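Please work through the exercises below with the sequence and the model at hand. Try each task on your own before you read its solution.

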Amino acid sequence: MKRAATRRGAPSDATAAATLYRICSVLLRYPDRAVLDLLDDVDRVLPTVGPDTAATVGRFLAWLRAAPPDDAAAHYVDTFDHSRRRSLYLTYYRYGDTRNRGMALLTLKHVYRQAGYPPPEAELPDFLPLMLEFAALAPEPGARALAQCRAGMELLRGALHDAGSPYRHLIDALCARLPALGTREHAELRRLAVDGPPVEQVGLEPFAPPEFAEGRHP
C-alpha cells in the first residue's frame, strides 16, 4: 500500500520528529542565558511539530518564560542533578554504575562516529540532549539509539511526573513521538521500576573507562 502523500506545505513526519528532537535538545539543557536566548527561535519552529506536540511543549515553554532565571536554574539542578531517579544519562537506568555501562558508552560513541558525528569529549554520549541532537542529524542510527534507551525514558518520564516537574511535558512529547514499548521493553521497564539499576559487585573495576573520567556524571 502506498504511503499517503504529505499535504503540500506541511512537514513530513521525519522533519517534524527532527524538529522536536532539536527543540528538546535545547530545552533539556541547563537553562542558562544561551538557552533562554533561543526561546524565540523555538517558538518560531514549534508549530511544525504538530498541534498536539506543540501544545505539550508549549506548556513547558510557558513555565520557563514565567520563571525567574535563577529559579529555573535551581529547579533544573534539583530535578536532574540531585536524584538518580531523574537522570538525563539514559544508560544509567539499565546498567547503573557498572562496567557494562562503560561498554554501552563506548558502543554509543562508536555509533556517533560511524555516522560522522563524533560526540564532544566533555560530555558522556548518553546525555539525553546530546542523543536528541544526534537523532536530529542522523535519523536512523539516532532513532535506534533512542529506542535502546526506551525503558529509561519511561522511567525518567514517570519520575518527573511524580515530582510534578514542568520538564515532564518535554519527555511526554518525546515518548509520544517514539515507537510504542514492545513486550520486551515493558518487561524491562517493570523490572527496572522494581529493582532499580544494577550495582557492581565489590572489588570490580569502576564502570567508566579512563576517557570518560572527566565527563559529567549523573
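**Exercise 1. The chain as a whole**

Solution: Begin with the kind of model, which is a predicted one, and with its confidence, for the chain averages a pLDDT of 84, with 78% of the residues scoring at least 70. Finally, look at the contacts with a separation of 6 or more, of which 68% are accounted for by residues 24 or more positions apart.

**Exercise 2. Where to read with caution**

Task: Find how many contacts beyond four places in sequence the model has for residues 1–10, and how many contacts beyond near neighbours it has for residues 201–218.

Solution: Over residues 1–10 the pLDDT stays under 50, and the model has three contacts beyond four places in sequence for them. Over residues 201–218 the pLDDT is likewise below 50, yet this stretch has 38 contacts in the model beyond near neighbours in sequence.

**Exercise 3. Helix 1 against helix 11**

Task: Decide whether helix 1 and helix 11 are roughly parallel or roughly antiparallel to each other, and list the residues that make their contact.

Solution: Two packed helices are described by the angle between their axes and by the distance between those axes. For helix 1, residues 13–27, and helix 11, residues 168–177, the angle is about 155° and the axes are 11 Å apart. Angles over 145 degrees count as roughly antiparallel, and helix 1 and helix 11 are therefore roughly antiparallel to each other. As a further step, note that helix 1 passes helix 11 in a left-handed crossing. From helix 1 the contact is made by Asp13, Ala16, Ala17, Leu20, Tyr21, Cys24 and Leu27, and from helix 11 by Leu170, Ala173, Leu174 and Arg177. Sorted by class, this contact has nine nonpolar, no polar and two charged residues.

**Exercise 4. Helix 8 and its surroundings**

Task: Find which residues of helix 8 are buried, what covers them, and how helix 1 crosses helix 8.

Solution: Start with the buried residues of helix 8, which are Leu128, Pro129, Leu130, Met131, Leu132, Phe134, Ala135 and Ala136. Since eight of the 10 residues of helix 8 (residues 128–137) are buried, this helix is largely enclosed by the rest of the structure. What covers these buried residues includes helix 1, helix 7 (99–114), helix 9 (139–148), helix 10 and helix 11.

Now take helix 1 from that list: the axes of helix 1 and helix 8 come within 8 Å and cross at roughly 155°, which makes helix 1 roughly antiparallel to helix 8. Here, too, the crossing is left-handed. Ala18, Tyr21, Arg22, Cys24 and Ser25 of helix 1 make the contact with Pro129, Leu132, Glu133, Ala135, Ala136 and Leu137 of helix 8. By class, the contact of helix 1 with helix 8 has eight nonpolar, one polar and two charged residues.

**Exercise 5. Distance in sequence and in space**

Task: Find how far leucine 155 is from tyrosine 93 in space, and whether histidine 110 is buried, partly exposed or exposed.

Solution: Leucine 155 lies in helix 10, residues 150–163, and is buried, with a relative accessible area of 18%. Leucine 155 and tyrosine 93 are 62 residues apart in sequence and 7.9 Å apart in space, taken from C-alpha to C-alpha. Histidine 110 lies in helix 7 and, at 46% relative accessibility, counts as partly exposed. Between the C-alpha atoms of histidine 110 and proline 125, which are 15 residues apart along the chain, the separation is 9.8 Å.

Terms used
Residues are numbered from 1 along each chain as its sequence is written. This is a predicted model: local features need pLDDT of at least 70, side-chain atom pairs count only at pLDDT 80 or more; totals for chains, interfaces and linings use all residues. Side-chain values use heavy atoms; hydrogens and water are left out. Axes are lines fitted to C-alpha atoms, for helices over the stretch in contact, and angles run from 0 to 180 degrees between N-to-C directions. Helices (H or I, at least four residues) and strands (E, at least two) are DSSP runs, numbered from the N terminus. Angles under 35 degrees count as roughly parallel, over 145 as roughly antiparallel, 65 to 115 as roughly perpendicular and the rest as oblique. A crossing is left-handed if the near helix is turned anticlockwise from the far one by less than a right angle, and right-handed if clockwise. Contact means heavy atoms within 4.5 Å. Ala, Val, Leu, Ile, Met, Phe, Trp, Tyr, Cys and Pro count as nonpolar, Asp, Glu, Lys and Arg as charged, and the others, Gly among them, as polar. pLDDT is the predictor's confidence in each residue, from 0 to 100. Buried means under 20% relative accessible area, exposed over 50%, partly exposed in between (1.4 Å probe, protein chains only).
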